[in-house]
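Notebook open, structure loaded. I'm jotting down what I look up as I go.

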Amino acid sequence: MAKIKKIALLTSGGDSPGMNAAIRAVVRKAIHQDLEVVGILRGYEGLIKEEFIPMNSKSVGNIIQLGGTILKTARSANFMTVEGRKTAYENLVKNKIDALVVIGGDGTFKGARVFIEEHNYPIVGLPGTIDNDLYGTDMTIGYDTALNTVVQAVDKIRDTAASHERIFFIEVMGRDAGFIALRAGIASGAEAVLVPEMPTDLKALHEQLSEYMSSKKTSSIIFVAEGDDAGGAFKIKEAMEKFGGEFDMKVTVLGHVQRGGSPSAYDRYLASRLGVAAVEALLDDQRSIMIGMINREVVHVPFNQTIKHHKTIDQRLLEIVDVLNS
Ligand code: F6P
């Protein structure tokens, strides 16, 4: 294998708190190993458009605490084409870049895998998404911060729900996964958590709310993952109204507030560990892997596995929601 002298990095897909901490770790570790570092703006789109910026230690000073990504991010339709990926490869070669670190979610890794198959190019990935839906790592970079953001917001909702004796349906992100809803729901003391991984029985939900509100509760918080099969919080509220509508119900969609904010201590730590490990993996001639953390140990997970396997919901957590509301 040719010796790696110069690497590039990019952030791709939905941004997440901690991406800047990961960028900082990759850049500082690379420089420590006497590598040159290039930042690519706007994900794979910037790779195709050759939006490259040289990076040094100062480039990543004072960013560990910042949400978002200083390299910007974007989704790239061009990178989904053979021609787009060919241009991307030519740009890497032209700029004498020997390897690439991509920070993003499953779409990012899917693109990287196709690129590697076509151009046999060294790429390692870091799991940067609030969804925590990537197989091969206990937590993704941004998930912990998003959970804390949700819990702090719902604590505020709970105040007004109690004052007005209302039911609130809180819709959270997660794309087609329920990890944010489930863990934030438990942490918020939710009366129910609806996730895509479990079919939602609207009639049973109405009966449950009727029982709660007629006997032991004067207000309720119901978490709804945006990918839930019942179609989201507004649809569920409408269904409850059709069943009887005897409750005063409101909907709050937390939306993109979950994607911002200063990363938590854990996300900064996770991003730093994984960023350093990404450079070490490239220098060890590894490629086509995601760097994850399982049981507090850094692991290498082939892109094929992290794409093929689906991280499953722990059913026991759904039971805990019921038990803690019985
Ligand atoms: O993948 C992260 C995520 O925040 C999902 O939870 C959400 O569905 C999606 O991105 C939103 O995408 P966009 O920011 O492009 O609207």
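This is a predicted model: local features need pLDDT of at least 70, side-chain atom pairs count only at pLDDT 80 or more; totals for chains, interfaces and linings use all residues.

**Threonine 129**

I started with the contacts of threonine 129 (contact means heavy atoms within 4.5 Å): leaving aside neighbours within four places in sequence, I get Ser16, Gly105, Leu134, Thr140, Ile141, Gly142 and Tyr143. Residues are numbered from 1 along each chain as its sequence is written, and side-chain values use heavy atoms, with hydrogens and water left out.

Where does threonine 129 sit? I found it in the loop between strand 5 (123–127) and helix 5 (143–164); helices (H or I, at least four residues) and strands (E, at least two) are DSSP runs, numbered from the N terminus. Threonine 129 counts as buried because its relative accessibility is 9%; the cut-offs are under 20% relative accessible area for buried, over 50% for exposed, and partly exposed in between, with a 1.4 Å probe and protein chains only. I also see its side chain reaching the backbone nitrogen of aspartate 131 at 3.1 Å.

**Domains**

Across the boundary, 15 residues of domain 1 are in contact with 14 residues of domain 2.

**Helix 1**

I checked the length of helix 1 (residues 19–32) next. Its 14 residues should span 20 Å at 1.5 Å a residue, and the end C-alpha atoms are 20 Å apart, so the two agree. The expected span here is 1.5 Å times one less than the number of residues.

How many residues of helix 1 are buried? I get ten of the 14, so I noted the helix as mostly covered because of that count. Among them are Met19, Ile23, Val26, Val27 and Lys29. The buried residues pack against strand 1 (6–11), strand 2 (36–40), strand 3 (52–55), strand 4 (99–104), strand 5 and helix 9 (265–283). Just after the helix, aspartate 34 has a positive phi of about 60 degrees.

Most residues other than glycine have a negative phi, and I picked out two more exceptions. Arginine 42 has a positive phi of about 65 degrees and lies in the loop between strand 2 and helix 2 (43–48). Arginine 42 is partly exposed, with a relative accessible area of 35%. Glutamate 50, with a positive phi of about 60 degrees, lies in the loop between helix 2 and strand 3. At 32% relative accessibility, glutamate 50 is partly exposed as well.

I traced an open sheet of four strands, order 7-8-6-9, with parallel pairing; two strands pair if DSSP finds at least two bridges between them. Strand 7 (192–194) and strand 9 (249–253) are at the edges with a single partner strand each, so one side of each has no neighbour in the sheet. From one strand to the next, the twist averages 20 degrees.

Six bridges join strand 6 (residues 167–172) to strand 8 (residues 220–225), and isoleucine 170 stands opposite phenylalanine 223 in strand 8. Helix 7 (residues 202–216) packs on the sheet, touching strand 6, strand 7 and strand 8, and its direction makes about 160 degrees with that of strand 8. Axes are lines fitted to C-alpha atoms, for helices over the stretch in contact, and angles run from 0 to 180 degrees between N-to-C directions.

**Helix 6**

Is helix 6 (residues 179–188) enclosed or open? Seven of its ten residues are buried, so I noted it as largely enclosed by the rest of the structure. Its buried residues, including Phe179, Ile180 and Leu182, pack against helix 5, strand 6, strand 7, strand 8 and helix 11 (315–323). Glycine 189 follows the helix, with a positive phi near 70 degrees.

**Hairpin**

Methionine 290 has valine 301 as its bridge partner in strand 11. The two strands form a hairpin with two residues between them, and asparagine 295 in the turn has a positive phi of about 50 degrees.

Methods:
A polar contact is a pair of N or O atoms within 3.5 Å; within protein, one must be able to donate a hydrogen and the other to accept it, and residues adjacent in sequence count only if both atoms are side-chain atoms.
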